[in-house]
Amino acid sequence: GSSSRARGDKPDALAALQAANEELRAKLTDIQIELQQEKSKVSKLEREKNQEVKQIKEHEQHKSTVVVTELKVKLHEDKMKELQAVRETLLRQHEAELLRVIKIKDNEIQRLQTLLNAVRDGGPDKVKTVLLTEAKEEAKRGFEVEKIKMQQEISELKGAKKQVEEALTMVIQADKMKAAEIRSVYHLHQEEITRIKRECEREIRRL
């Protein structure tokens, strides 16, 4: 009787073992399916992040291009204003030069009249003295005029150079700022992707 019970218990234990084995296989299959799903999610997240980073980079590049274009337009407008100011300055200088030439001609006429009077009234020594005095004064006036003109030209060139350097500095600073922003956003997204990968790997190992 005991041997028949043992034979009866043996198939029951075998059946229970097979059932447990089937259950484990089913759980393993579920885990594998879930693992594959998690891998698909990770791949999808990576694609989405890469697409987002790409869009952000393109957006930042577009913004940077717009800023550079606006700065170039502003620089062109400033340059046109500067050219207009230079033209007006040259016009005033031309008018001043005409007045100067007229004054020189008047002085020349007066000098010739004085010389003519000296020739009429005195001898060669007096004429020589008048000519020397006039030559010294003319040389002095010419030197002063050229000195003033050179100082004005140097001042104008310094002002134009300063404006161009300031505009160029603004463009370079804007480019550097935009490049730094793009690098910062890119690094943040890379760190986020790395964090998500680590979390997925931990979850996979846990499963």
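**Figure 1. Surface and overall form of the predicted model.** The protein exposes about 16,900 Å², of which carbon and sulfur atoms supply 58%; accessible areas here come from the Shrake-Rupley method with a 1.4 Å probe, and for residues only the protein chains shown count as cover. This is a predicted model, in which local features need pLDDT of at least 70 and side-chain atom pairs count only at pLDDT 80 or more, while totals for chains, interfaces and linings use all residues. Residues are numbered from 1 along each chain as its sequence is written, and side-chain values use heavy atoms, with hydrogens and water left out. The secondary structure comes to 2 helices and 0 strands, where helices (H or I, at least four residues) and strands (E, at least two) are DSSP runs numbered from the N terminus. The radius of gyration of the protein is 48 Å, well over the 17 Å that the globule rule gives for 207 residues, so the protein is more spread out than a compact globule; this radius is taken over C-alpha atoms, and the rule is 2.2 Å times the number of residues to the power 0.38. Taken along the principal axes, the C-alpha atoms fill a box of roughly 175 × 25 × 10 Å. Of the 207 residues, 11% count as buried, a term that means under 20% relative accessible area, with exposed meaning over 50% and partly exposed lying in between (1.4 Å probe, protein chains only).

Figure 2. Side chains of opposite charge can pair when their charged atoms come close. The side chains of Lys-41 and Glu-38 meet in a salt bridge at 3.7 Å, N to O, the term being used for a side-chain nitrogen of Lys or Arg within 4 Å of a carboxyl oxygen of Asp or Glu. Because these two residues are 3 residues apart in helix H1 (residues 2-121), Lys-41 and Glu-38 are separated by about one helical turn. Lys-41 is partly exposed, with a relative accessible area of 49%, whereas Glu-38 is buried, at 17%. A search of the whole structure finds 14 salt bridges.

Figure 3. Glu-181 forms a salt bridge with Lys-178, and the closest N and O atoms are 3.7 Å apart. Both residues lie in helix H2 (residues 124-206), 3 residues apart, which is about one turn of the helix. Glu-181 is partly exposed, with a relative accessible area of 32%, while Lys-178 is buried, at 15%. The side chains of Glu-203 and Arg-206 also meet in a salt bridge, at 2.2 Å, N to O, and these two residues of helix H2 are likewise 3 residues apart, about one turn of the helix. Glu-203 is partly exposed, with a relative accessible area of 28%, and Arg-206 is exposed, at 59%. Salt bridges that share partners join Glu-192, Arg-195 and Glu-199 into one network.

**Figure 4. The surroundings of His-189.** His-189 has its place in helix H2 and is buried, with a relative accessible area of 11%. Leaving aside residues up to four places away in sequence, His-189 touches Lys-49, Glu-52, Val-53 and Ile-56, where contact means heavy atoms within 4.5 Å. In the protein as a whole, among contacts between residues at least 6 apart in sequence, 83% join residues at least 24 apart.

Figure 5. Lys-103 is found in helix H1 and is exposed, with a relative accessible area of 56%. Lys-103 and His-59 are 44 residues apart in sequence and 65 Å apart in space, C-alpha to C-alpha. Gln-61, whose place is in helix H1, is partly exposed, with a relative accessible area of 45%. Between Gln-61 and Leu-17, which are 44 residues apart along the chain, the C-alpha atoms are separated by 65 Å.
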